[in-house]
Amino acid sequence: MGELAEGALRIEVLGPQHDRASFESGVEPLDRYFRVQAGQDARKNMAAPFVLVLADGFVAGYYTLSSTAVNVGEWPAQIVRKLPRYPLIPATLLGRLAVDRRQEGRGYGRYLLADALFRAVSSEIASFAVIVDAKDENARRFYERESFLPFPDRPMKLFQPMADIADLFKSYAVER
Ligand SMILES: CC(C)(COP(=O)(O)OP(=O)(O)OC[C@H]1O[C@@H](n2cnc3c(N)ncnc32)[C@H](O)[C@@H]1OP(=O)(O)O)[C@@H](O)C(=O)NCCC(=O)NCCS
């Protein structure tokens, strides 16, 4: 955690200078996506990949953000009740997030997630929530610990309302 405190980490837009070949989260589809697809997704405006770079240049993790929309019928009734009656609710998709397995347990996953949420809440483009599709039970637990809530009929798809994310960063700014 020392590096987190000392500010020796950088989160950067994925570029050709980043070594993607040696990245290894242990989840094959996430590794393959990062090696093969992430650059193309960025070029074609399908997703924005960001990487966590350690002081020595090692890529310790990545995440992607893109726009999405979720059918109004998928949201919990108590949330929809308070919204205008649009068929689609705009949201921000945290499509993928992974930490290199040699670097797990050091707070980097949480740091990447916080950066993604901050980027999402800082956008001027309206978005009701940040959405994630958890790949497995581990991922679901990770997101639930970070205050994500499951969609009623899709326990592996989770959301965090943008209003809550804004509150999170507001109280963080006050604490500092
Ligand atoms: C899940 C993942 C991103 C966590 O990254 P990490 O850097 O190890 O996590 P952190 O060190 O930031 O831990 C943050 C918190 O989540 C908890 N956590 C970490 N991995 C967890 C898991 N698999 N299940 C439940 N909780 C987990 C930690 O205990 C910590 O909580 P604490 O501080 O209260 O103890 C990482 O293990 C990973 O990349 N896994 C493979 C890919 C994946 O599942 N991605 C997620 C969704 S697609």
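Asparagine 45 sits in the loop between α2 and β2. In this predicted model, asparagine 45 has a positive phi of about 60°, although it is not a glycine. Asparagine 45 is exposed, because its relative accessible area is 69% and the cut-off for exposed is over 50%. A second residue shows a positive phi. This is serine 147, with a phi of about 75°, and it too is not a glycine. Serine 147 belongs to the loop between α5 (137–145) and β6. Its relative accessibility is 46%, so serine 147 counts as partly exposed.

In total, 7 strands form an open sheet. Their order is β1-β2-β3-β4-β5-β7-β6, and the pairing is mixed. Which strands stand at the edges? They are β1 (10–13) and β6 (149–151). Each has a single partner strand, so one side of each is left without a neighbour in the sheet. From one strand to the next, the twist averages 35°. Strands of a sheet pair through backbone hydrogen bonds, and the pairing may be parallel or antiparallel.

Strand β1 pairs with strand β2 (residues 48–53) in the antiparallel sense, over 4 bridges. Here arginine 10 stands opposite valine 53 in β2.

A hairpin of 2 residues joins β6 to β7. Leucine 149 stands opposite phenylalanine 159 in β7. Strand β7 also pairs with β5: the two run antiparallel and are joined by 5 bridges. In that pairing, alanine 129 stands opposite proline 161 in β7.

Helix α2 (residues 28–43) lies across β2, β3 and β4 (88–99). Its direction is at about 65° to β3. Helix α4 (residues 108–122) also packs on the sheet. It touches β1, β2, β3, β4, β5 (129–133) and β7 (154–161). The direction of α4 makes about 155° with that of β4.

The length of α4 can be checked. This helix has 15 residues, and at 1.5 Å a residue they should span 21 Å. The end C-alpha atoms of α4 are 21 Å apart, which agrees. Which residues of α4 are buried? They are Tyr108, Gly109, Leu112, Leu113, Ala116, Leu117 and Ala120. An α-helix has 3.6 residues a turn, so residues three or four places apart point the same way. The buried positions can be read with that spacing in mind.

Glycine 61 gives a view from within the sheet. This residue lies in strand β3 (residues 59–71). Is glycine 61 buried or exposed? Its relative accessibility is 0%, so glycine 61 counts as buried; the cut-off for buried is under 20%. Beyond its neighbours within four places in sequence, glycine 61 is in contact with Phe23, Phe50, Val51, Leu52, Ala98, Val99 and Leu112. The C-alpha atoms of glycine 61 and aspartate 167 are separated by 26 Å, and the two residues are 106 apart along the chain.

A ligand is also present in the model. For glycine 107, a backbone N or O atom lies 2.7 Å from a ligand oxygen. For glycine 109, a polar backbone atom is 2.8 Å from an oxygen atom of the ligand. For arginine 106, the corresponding distance is 3.3 Å.

Glutamate 74 lies in another loop, the one between β3 and α3 (77–80). At 23% relative accessibility, glutamate 74 counts as partly exposed. Leaving out residues up to four places away in sequence, glutamate 74 touches Phe151, Pro152, Arg154 and Lys157. The C-alpha atoms of glutamate 74 and proline 84 are separated by 15 Å, and these residues are 10 apart along the chain.

Key
Residues are numbered from 1 along each chain as its sequence is written. This is a predicted model: local features need pLDDT of at least 70, side-chain atom pairs count only at pLDDT 80 or more; totals for chains, interfaces and linings use all residues. Side-chain values use heavy atoms; hydrogens and water are left out. Buried means under 20% relative accessible area, exposed over 50%, partly exposed in between (1.4 Å probe, protein chains only). Contact means heavy atoms within 4.5 Å. Two strands pair if DSSP finds at least two bridges between them. Axes are lines fitted to C-alpha atoms, for helices over the stretch in contact, and angles run from 0 to 180 degrees between N-to-C directions. The expected span of a helix is 1.5 Å times one less than its number of residues. A polar contact is a pair of N or O atoms within 3.5 Å; within protein, one must be able to donate a hydrogen and the other to accept it, and residues adjacent in sequence count only if both atoms are side-chain atoms.
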